Amino acid sequence: MQINNESKGIRINPMGRIQGEIEVPGDKSISHRAALFGGMAQGETHITNFLLGQDCLSTLACLKTLGVEWERRDAEVWIRGRGFENWHEPQDILDVGNSGTTMRLMLGVLAGCPFSATLTGDSSIRSRPMARVTLPLQEMGARILGRQEGKYAPLTIQGGFLQGIQFRSPVASAQVKSAILLAGLRAKGETMVTEPCLSRDHTERMLRGFGVDLKSEGCTAKVRGGAALSGQEVAVPGDISSAAFFLVLGTLIPQGELLIKNVGMNPTRTGILDALWQMGADIQVEEEREECGEPRANLRVRPAQLHGIEIQGEMIPKLIDEVPVLAVAASLAQGETVIRDAAELRVKETDRIQTVVQGLQALGANARELPDGLRIQGAKSLRGGVAHSHGDHRLAMAWVVAGLLAEEGISLQGIEAAEVSFPNFLELIHEIAES
């Protein structure tokens, strides 16, 4: 047994070998969109392998408050859509919990609904900037009130009577792009969004699957107002962001082999694979296929010696959520790894640049902050020590991986944060350790 409960957290002891086959939970981004688009559509949407993390459950809860009927049995969800033109004004505040995706995408949809709604979330959500979404929605005609002129939640939105815009986003952000495109479905004329480089394109793929005539070329996507969605069957692939923890563990563990099945391979999300391959990882892609417009495959990972690289530019949007565990990999790679152009990490669930660097330093790694990233000098080993998740699910799981690889293991506080995206994370760790 590698993980033991303690009165103030858990103890993670080092492990020398893993073996087995696993499937990671459904993709968080795709699960959010499947539920939301199903609620916007006419007719039934059936979702399989829906992620049961707290973030996606927040999306379902918000839909129910808006009058959308749904039923869930384990990881299967049936949504009885009547079209979002039939959503009703909520009698209560929409609570998105810790989910920035729910907040931003829901704002986009509500911008086109002719009623008022108020959205809020936990302390992390209330501290995260929303202006990059609220400002273009206000430009389209939505009225949004909130702290600091609508920059921070709680936010009240009065939707309806939107006008399409041509928006050039200063950042590559799938949440910004998606919110504006969703508002564009109810706007007059055409709505167009151009990014500096392509962010994840799950919204574009899935809207087309739900019957929307969405056009995209390069870094630009556009829709015309008046589009209607039709209910669909959606099979959610495994989340590559969740697979990343096992890819790093399988690469740096001294012995073993691990097969991760049914992993989403959307090319806007596979930056973690590109980075690990550049660092020297032994990861094979098997049984490539496509379902419901999303590519997927099995990933076989074996131990390998990594070396440091530079990660920047267009790679960053493809691996932004994987930086915490990639930083753990860098701390055990030969040479230096530098991550730049990732200032977006400072406005995630935590300031992930600061918390990752502080966490690595506490475990004995040579890491320091850059204004827009991290600089990590790799070593042969991590000492171990005490780690904190700070309520951030990706930090919690990254530190578990670090503890399994560290000489002395770690004591981790806040592992419950992993419930946001990976409820059975520790169960799978036990499974591959005991095979």
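The model is a predicted one, so local features need pLDDT of at least 70 and side-chain atom pairs count only at pLDDT 80 or more, while totals for chains, interfaces and linings use all residues. Residues are numbered from 1 along each chain as its sequence is written, and side-chain values use heavy atoms, with hydrogens and water left out.

Let's start with the annotations. In an unreviewed entry, UniProt puts a "binding site" feature at K28, G100, R128, Q175, R352 and R394. The lining of the largest pocket includes K28, G100, R128, Q175, R352 and R394 from that set. A further "binding site" annotation from UniProt, also unreviewed, covers K28, S29, R33, S173, Q175, D321 and K348. From this set, the pocket lining takes in K28, S29, R33, S173, Q175, D321 and K348. UniProt positions are given in the numbering used here, feature names are shortened, and annotations may be inferred rather than shown by experiment. As for the geometry, the search runs on a 1 Å grid over the protein atoms alone: a pocket is an open set of points with protein on both sides within 12 Å along at least five of seven lines, a cavity is a set where a 1.4 Å probe fits but cannot get out, and lining residues have an atom within 4 Å of a point.

You'll find K28 in helix α1, residues 28-40. (Helices are DSSP runs of H or I with at least four residues, strands are runs of E with at least two, and both are numbered from the N terminus.) K28 counts as buried because its relative accessibility is 9%, where buried means under 20% relative accessible area, exposed over 50%, and partly exposed in between, with a 1.4 Å probe and protein chains only. Setting aside residues up to four places away in sequence, K28 touches L51, D55, C56, D239, H393, R394, V420 and S421; contact here means heavy atoms within 4.5 Å.

Now for R128, which sits in the loop between α4 (123-126) and α5 (131-140). With a relative accessible area of 5%, R128 is buried. Its contacts beyond four places in sequence are N98, G100, R104, K151, Y152, V347, K348 and E349. That brings us to K348, in the loop between β22 (336-339) and α13 (352-362). K348 is buried too, at 15% relative accessibility, and it touches R128, I320 and D321, again leaving out residues up to four places away. S173 comes from another loop, the one between β12 (166-168) and α7. Its relative accessible area is 10%, so S173 is buried, and outside four places in sequence S173 touches E195 and S199.

What does the side chain of R269 make a polar contact with? The partner is the side chain of D239, at 2.9 Å. (A polar contact is a pair of N or O atoms within 3.5 Å; within protein, one must be able to donate a hydrogen and the other to accept it, and residues adjacent in sequence count only if both atoms are side-chain atoms.) R269 lies in the loop between β18 (255-264) and α10 (271-279) and is buried, with a relative accessible area of 2%. Among the residues R269 touches, beyond four places in sequence, are D27, S29, H202 and K318.

H202 leads on to helix α8, residues 202-209, where H202, T203, E204, M206 and L207 are buried. The buried residues of α8 pack against α1, α7 (174-184), β16 (220-224), β17 (233-235) and β20 (294-302). After α8 comes G211, with a positive phi near 100 degrees.

Last, the aromatics: the structure holds 6 aromatic pairs. Rings of Phe, Tyr and Trp (its six-membered ring) pair if their centres lie within 6.5 Å; planes under 30 degrees apart count as stacked, over 60 as edge-to-face and the rest as tilted. F246 and F422 have ring centres 6.1 Å apart and planes at 55 degrees, so that pair is tilted. This pair links distant parts of the chain, 176 residues apart, with F246 in helix α9 (residues 240-252) and F422 in the loop between β26 (410-413) and α15 (425-434). Ring pairs link F245, F246, F422 and F425 into a cluster.
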